[in-house]
Amino acid sequence: MYHEVIIEANIVSKKNAYAQTKKGRRFKPDSVKDAEKEALAQIPADLWFREIRHPLIAFYAEIPKKNMALDLDGVFTTITDILVKAKVFKDDNIRNLNGGVILMPVKEGSVKRFTVRIYEDPTEEELVSLISDLKGRRNG
């Protein structure tokens, strides 16, 4: 069985979103902070403070055509950071989050929608289903 988090928000790659003052200080713009707050509000209550360690993660994204230049691994990292902030994951370091990640091929959608499936102890059936899903998205 897996846990699923679906986030519809204007998530961008955090590493590319920082702005800089004239004096050189880097900061996170309000639009990025607002998107993070919006994403946090969409995490199911039963996942908060779970502090899951070493899950297998399948990451799905639907993106409008105009946003197809997004940095996929950067967006995944931003969402992972949000899940760590909610304590869904214990931490995002190797010591705590080393169960594997599958970045599914992105599909075009009308809004930015990110789905994170968290498998704490995937069954063989779930793994076969994931592979089938991967093949379907790649060829679809």
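Modeller: Two residues are in contact when they have heavy atoms within 4.5 Å of each other. Keep that in mind for glutamate 108: leaving aside neighbours within four places in sequence, glutamate 108 is in contact with Ile63, Lys65 and Met68. And remember, we're looking at a predicted model here.

Colleague: Okay. Where does glutamate 108 sit, and is glutamate 108 buried or exposed?

Modeller: You'll find glutamate 108 in strand 6, residues 107-108. To call a residue exposed, look for a relative accessible area over 50%. Glutamate 108 has 54% relative accessibility, so glutamate 108 counts as exposed.

Colleague: How far apart are glutamate 108 and isoleucine 63, in sequence and in space?

Modeller: In sequence, 45 residues separate them, but from C-alpha to C-alpha they are 5.0 Å apart.

Colleague: Before I go on, how do I read the confidence, and what is the average pLDDT of the chain?

Modeller: Where pLDDT is low, the predicted coordinates should not be read in detail. The chain averages a pLDDT of 92, and 99% of the residues score at least 70.

Colleague: Let's go to strand 7, then. Which strand 7 residue is the bridge partner of glutamate 4?

Modeller: That's arginine 117, which belongs to strand 7, residues 113-119. Strand 1 and strand 7 pair in the antiparallel sense, over seven bridges. Arginine 117 also has a side-chain polar contact of 3.3 Å with tyrosine 60. Beyond four places in sequence, the contacts of arginine 117 include Tyr2, His3, Leu56 and Asp133.

Colleague: And strand 1 itself? Which of its side chains point to the buried face?

Modeller: For burial, look for a relative accessible area under 20%. The side chains along strand 1 alternate: His3, Val5 and Ile7 point to one face and are buried.

Colleague: Now a helix. How do I check the span of helix 2?

Modeller: Take 1.5 Å a residue: the 12 residues of helix 2, 30-41, should span 16 Å, and the end C-alpha atoms are 16 Å apart, so the two agree.

Colleague: Which residues of helix 2 are buried?

Modeller: Val32, Ala35, Glu36, Ala39 and Leu40. They cover an arc of only 140° around the axis, which means they sit on the same side of helix 2. On the other side, Asp30, Ser31, Lys37 and Ala41 are exposed. The buried residues of helix 2 pack against strand 1, helix 1 and helix 3.

Colleague: Last one: is asparagine 96 buried or exposed?

Modeller: Buried, because its relative accessible area is 7%. Asparagine 96 lies in the loop between helix 3 and strand 5. Its contacts, setting aside neighbours within four places in sequence, are Ile52, Arg53, His54, Lys90 and Asp91.

Conventions
Residues are numbered from 1 along each chain as its sequence is written. This is a predicted model: local features need pLDDT of at least 70, side-chain atom pairs count only at pLDDT 80 or more; totals for chains, interfaces and linings use all residues. Side-chain values use heavy atoms; hydrogens and water are left out. Helices (H or I, at least four residues) and strands (E, at least two) are DSSP runs, numbered from the N terminus. A polar contact is a pair of N or O atoms within 3.5 Å; within protein, one must be able to donate a hydrogen and the other to accept it, and residues adjacent in sequence count only if both atoms are side-chain atoms. The expected span of a helix is 1.5 Å times one less than its number of residues. Buried means under 20% relative accessible area, exposed over 50%, partly exposed in between (1.4 Å probe, protein chains only). The arc is that of the directions from the helix axis to the C-beta atoms. Two strands pair if DSSP finds at least two bridges between them. pLDDT is the predictor's confidence in each residue, from 0 to 100.
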